[in-house]
Amino acid sequence: MTKTANDTWFLLVQYRREGRTEVTEFEDLTRAASAYSETERQYKDELTGSDPVMDVLLVGAESLDVVQERYPSYFIKAKSRSARLSRLLRALPPVPVH
């Protein structure tokens with residue numbers, strides 16, 4: 001994602017089993033990158049394996065609304081994998097048929 005002058009950095013920490021995502025907002029890329037690295041280090045065991053219990057993502061966008069639109073799976077409140085998938089599919093816009 002290309003960062004523009006108006007972008008803010010958002011650190012998303014998704015707790016998959018709990019069905020929630022924590023969002024931390026940064027104006028400074030250096031601080032955002034440092035927080036991202038520290039979070040990955042802190043939760044390295046939870047981020048690995050065939051079914052990780054967490055996910056960490058750092059993105060730049062104009063607003064949290066844009067992040068929520070581009071990364072809907074991080075904001076779907078569901079605990080099971082099938083419930084998350086069902087909610088994600090319902091949240092996606094319909095695909096035009098030609």
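**View 1. Surroundings of Gln14 in the predicted model.** Gln14 touches Arg20, Thr21, Val53, Met54, Asp55, Ser73 and Tyr74, not counting residues up to four places away in sequence; contact means heavy atoms within 4.5 Å. This is a predicted model, in which local features need pLDDT of at least 70 and side-chain atom pairs count only at pLDDT 80 or more, while totals for chains, interfaces and linings use all residues. Residues are numbered from 1 along each chain as its sequence is written, and side-chain values use heavy atoms, with hydrogens and water left out. Gln14 belongs to strand 1; strands (E, at least two residues) and helices (H or I, at least four) are DSSP runs numbered from the N terminus. With a relative accessibility of 8%, Gln14 counts as buried (buried is under 20% relative accessible area, exposed over 50% and partly exposed in between, with a 1.4 Å probe and protein chains only). A polar atom of the Gln14 side chain lies 2.9 Å from the backbone oxygen of Ser73. Such a polar contact is a pair of N or O atoms within 3.5 Å; within protein, one must be able to donate a hydrogen and the other to accept it, and residues adjacent in sequence count only if both atoms are side-chain atoms.

**View 2. Asp55 and its partners.** Asp55 is located in strand 3 and, at 21% relative accessibility, is partly exposed. Its side chain is joined to that of Tyr74 by a polar contact of 2.3 Å. Leaving out residues up to four places away in sequence, Asp55 touches Leu12, Val13, Gln14, Arg16, Leu47 and Tyr74. The C-alpha atoms of Asp55 and Tyr43 are separated by 9.1 Å, the two residues being 12 apart along the chain.

**View 3. Aromatic rings.** The structure holds one aromatic pair. Tyr71 and Tyr74 form this pair, which is edge-to-face, with 6.5 Å centre to centre and 80° between the planes. Rings of Phe, Tyr and Trp (its six-membered ring) pair if their centres lie within 6.5 Å; planes under 30 degrees apart count as stacked, over 60 as edge-to-face and the rest as tilted. Tyr74 is buried, at a relative accessible area of 9%, whereas Tyr71 is partly exposed, at 25%. Elsewhere, the charged end of Arg20 sits over the ring of Tyr15, 4.2 Å from its centre; the criterion is NZ of Lys or CZ of Arg within 6 Å of the ring centre and within 35 degrees of the ring normal.

**View 4. Helix 1 and its buried face.** Helix 1 (residues 29-42) has 14 residues and spans 20 Å from its first C-alpha to its last, close to the 20 Å expected at 1.5 Å a residue; the expected span is 1.5 Å times one less than the number of residues. Ala32, Ala35 and Thr39 are the buried residues of helix 1. Viewed down the helix axis, these buried residues fall within an arc of 65°, so they line one face of helix 1; the arc is that of the directions from the helix axis to the C-beta atoms. They pack against strand 1 (8-15), strand 2 (20-26) and strand 3 (54-61). The exposed residues Thr30 and Arg41 are carried on the face turned away from the buried side. At the start of helix 1, a side-chain oxygen of Asp28 comes within 3.3 Å of the backbone nitrogen of Thr30.

**View 5. Thr39 within helix 1.** Thr39, found in helix 1, counts as buried at 11% relative accessibility. The side chain of Thr39 reaches the backbone oxygen of Ala35 at 2.8 Å. Apart from its neighbours within four places in sequence, Thr39 is in contact with Leu11, Val13 and Val56.
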